Amino acid sequence: MTGETTIQGIPMSELADRFGTPLYVYDGDSLREQYRGLRDGLHPAMEMFYSLKANPNVAVCALLASLGARAEVSSMVELRTALAAGVAPGDIIFLGPGKSRAELEACLDEGVFALVCESFGELGLIDELARERGVIAPVMLRVNPSFAVKGSGLTMGGKPRQFGIDEQQLFDEPDLVKNFPGVRVIGVHAYMGTRILDPEVIAENARRIIDLAERLANRLDFTLEAVDVGGGLGVAYFPGEPDLDPNAVTELLNPVAEAFHTAHPGARLLLELGRYLAAPSGTYVTRVRYVKTSMGERFAVTDGGTNHHMAAVGIGSFVKRNFPMRLLNRAGGEAAPWNVTGPLCTPNDTVGRNVDLPEPRPGDLIGVLRSGAYGPSASPVLFLSHGYPAEVLVDGGRARLVRRRDTVEDLLSPQIRD
Ligand SMILES: *Cc1c(COP(=O)(O)O)cnc(C)c1O
């Protein structure tokens, strides 16, 4: 027993030696557990859509797709990724406040399940593009609800937002559907926030969004074929935060789904999940380069930092709280507070402040756990030109590279000297 952290029996030091550091490692078993842990108990009428924004790696998406996950995408490359991962076009929705003409055209040409429309202007463009093609575009209206829910890391409803169309504006347009003959309004979407850790809030969200969808369908006179209740299910990162219990979620959510299913047989009910599915699977692995002290504090300077893990700076909080971190390659001795910092030339490149760690030595590996969501793709990977880290998926007891790290050539070649 060396006290070394392993993934599916593979020591982290072996992965670091084989693939280099800094490195993201994703555990396929964890992705499966998160997906199935919720899916198995969830009402069959409720479909799980994976939000690629959380982790757009095509191998991660393909693993989730193989389990039955559908896809929620927000860019051309996310759309292509979902398709390459094996998600059927009819199980993809596309949303985002600033969709391009090319993105909308690709959605129509691929035949995605729905375009989630976020403004009257966009509705006009979708209508124009559909009529040019001689097709009818399936559209879900994204609503900015008048209400907000408590208990989310980021409140979306009841505030001026660039997302969706204000509830009131939609109720003021009873003829909206008739005005756009190239569009078939099939449903309603709302997303109330992220990092929700209270099952009551999740169920209440769904109930209120379904109620809003029914009222809108009546007012605008369309048949409700789909309701997307958003999601925003969280995972615990910080001390004292409880993880969501999937059984507690389904116990409260399933009656809501059942009532919807009874009232609208055949209509689709969508739940979007990004962080919840991806976060627990990932570990950001860095190697300690130097250790030093400054004015009484200890610093471990590692080869990767906030350039790959911006979320470690702090999520929705003015006070920095640390992600769970540990020494990966050995158990080590007594713990003391260490600042874990990266290679960037800014004091903000602090991945962990006063983290209790056994004394690290140069060459040791430090891991940031629960880092499978909003990692490199949500970080300034080009800052100081370090580029994208390598990504590895461990599945079936085998590790394989699922994204190679950027090379100097990758970073220099798109630039034009003269
Ligand atoms: C970001 C986002 C998601 C995913 O959120 P998570 O909190 O990671 O589950 C889902 N839907 C919409 C509309 C989003 O913007």
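Guide: **Where the domains meet**

The domain assignment, which is automatic or from a database, gives the protein chain domain 1 (6-24 + 280-412) and domain 2 (88-273). This is a predicted model: local features need pLDDT of at least 70, side-chain atom pairs count only at pLDDT 80 or more, and totals for chains, interfaces and linings use all residues. Residues are numbered from 1 along each chain as its sequence is written, and side-chain values use heavy atoms, with hydrogens and water left out.

Start with the distance. The centres of domain 1 and domain 2, taken over C-alpha atoms, lie 36 Å apart. Seven residues of domain 1 are in contact (heavy atoms within 4.5 Å) with seven residues of domain 2.

Now the area. The size of an interface is often given as the accessible area lost when the parts come together. Here domain 1 and domain 2 bury about 750 Å² between them. That buried area is the accessible area (1.4 Å probe) lost on being put together, summed over both parts. Carbon and sulfur atoms carry 57% of it. In domain 1, Ile 315, Arg 321 and Arg 370 lose the most area to domain 2. Together they make up 63% of what that side buries.

Look again at Arg 370. Its side chain meets that of Asp 243 in a salt bridge, at 2.8 Å from N to O. The term means a side-chain nitrogen of Lys or Arg within 4 Å of a carboxyl oxygen of Asp or Glu. The count between domain 1 and domain 2 is one salt bridge.

Key:
Buried area is the accessible area (1.4 Å probe) that two parts lose on being put together, summed over both.
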